[in-house]
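Dear colleague,

I am passing on the structure below, and after it you will find my notes on what came out of it. Please read the notes alongside the coordinates.

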Amino acid sequence: QACPCSTGGKNKKKKELAPRNSHDADNKQPGFAIIPTQNKGLCTLCDVNVWVVCQSGLEIKWCKGCKNFRPWAAFGDKGLATKCLRCRERQREKYALQKEEKEKARLLAKQQKGLKV
């Protein structure tokens, strides 16, 4: 398993990360975990956490749209969102296109129905 909550396993391309605001039982030392650069095998709790790269202090979070870790800043004002700003914008555009295509198909069907009468 790749999840820091699990009992380990073999993973490639590991980064040493710490969950943001995580602490040991004494609340003195930050908790550390090693997770892969992809999130396969992470539990839901670890999947939505903000992580801190120990070497640089960079805060990162898993984007379910990009399917990769992104800087937490890429999530904009919605830091708890599951997709970064870029993916949310792409999703909005895709939805608008689907809605437009559906409307065109509805109008075409209505027009063809009117011609058959």
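Arg92 is partly exposed, with a relative accessible area of 49%, where buried stands for under 20%, exposed for over 50% and partly exposed for what lies in between (1.4 Å probe, protein chains only). Its partner is Glu89, and the two side chains meet in a salt bridge at 2.8 Å, N to O, the term being used for a side-chain nitrogen of Lys or Arg within 4 Å of a carboxyl oxygen of Asp or Glu. Glu89 is itself partly exposed, at a relative accessible area of 34%, and both residues lie in helix α2, 3 residues apart, about one turn of the helix.

This is a predicted model, in which local features need pLDDT of at least 70 and side-chain atom pairs count only at pLDDT 80 or more, whereas totals for chains, interfaces and linings use all residues. Residues are numbered from 1 along each chain as its sequence is written, and side-chain values use heavy atoms, with hydrogens and water left out.

The structure holds 3 salt bridges. Another of them joins Lys104 to Glu100, with the closest N and O atoms 3.5 Å apart; these two residues also lie in helix α2, 4 residues apart, about one turn of the helix, and Lys104 is partly exposed at 48% relative accessibility, as is Glu100 with a relative accessible area of 41%. Glu103 and Arg106 form a further salt bridge, the closest N and O atoms being 2.6 Å apart, and they are 3 residues apart in helix α2, so about one helical turn separates them. Glu103 counts as partly exposed at 34% relative accessibility, and Arg106 does so at 43%.

**A buried arginine without a salt bridge**

Which side chain of opposite charge is nearest to Arg88? It is that of Asp77, 7.6 Å away, and Arg88 is buried yet has no salt bridge (Lys and Arg count as positive and Asp and Glu as negative, while His and the chain ends are not counted). Arg88 is placed in helix α2, residues 85–116, and it touches Phe75, Lys78, Ala81 and Lys83, leaving aside residues up to four places away in sequence; a contact here means heavy atoms within 4.5 Å.

**Aromatic rings**

The count comes to 1 aromatic pair, for which rings of Phe, Tyr and Trp (its six-membered ring) need centres within 6.5 Å, with planes under 30 degrees apart called stacked, over 60 edge-to-face and the rest tilted. The rings of Trp62 and Phe69 have centres 5.1 Å apart and planes at 75°, so they are edge-to-face, and both residues are buried.

**Overall fold and confidence**

The chain has 2 helices and 5 strands, which run β-β-α-β-β-β-α from the N terminus on; helices (H or I, at least four residues) and strands (E, at least two) are DSSP runs, numbered from the N terminus. Buried residues make up 25% of the 117 residues.

The mean pLDDT, the predictor's confidence in each residue from 0 to 100, is 77 for the chain, and 65% of its residues reach 70 or more. Confidence is highest in α2, at a mean of 92, and lowest in strand β1 (residues 14–19), at 56. Over residues 7–14 pLDDT stays under 50, and the model has 12 contacts for them beyond four places in sequence; over residues 23–29 it also stays under 50, with 6 such contacts. Where pLDDT is low, the predicted coordinates should not be read in detail.

With best wishes
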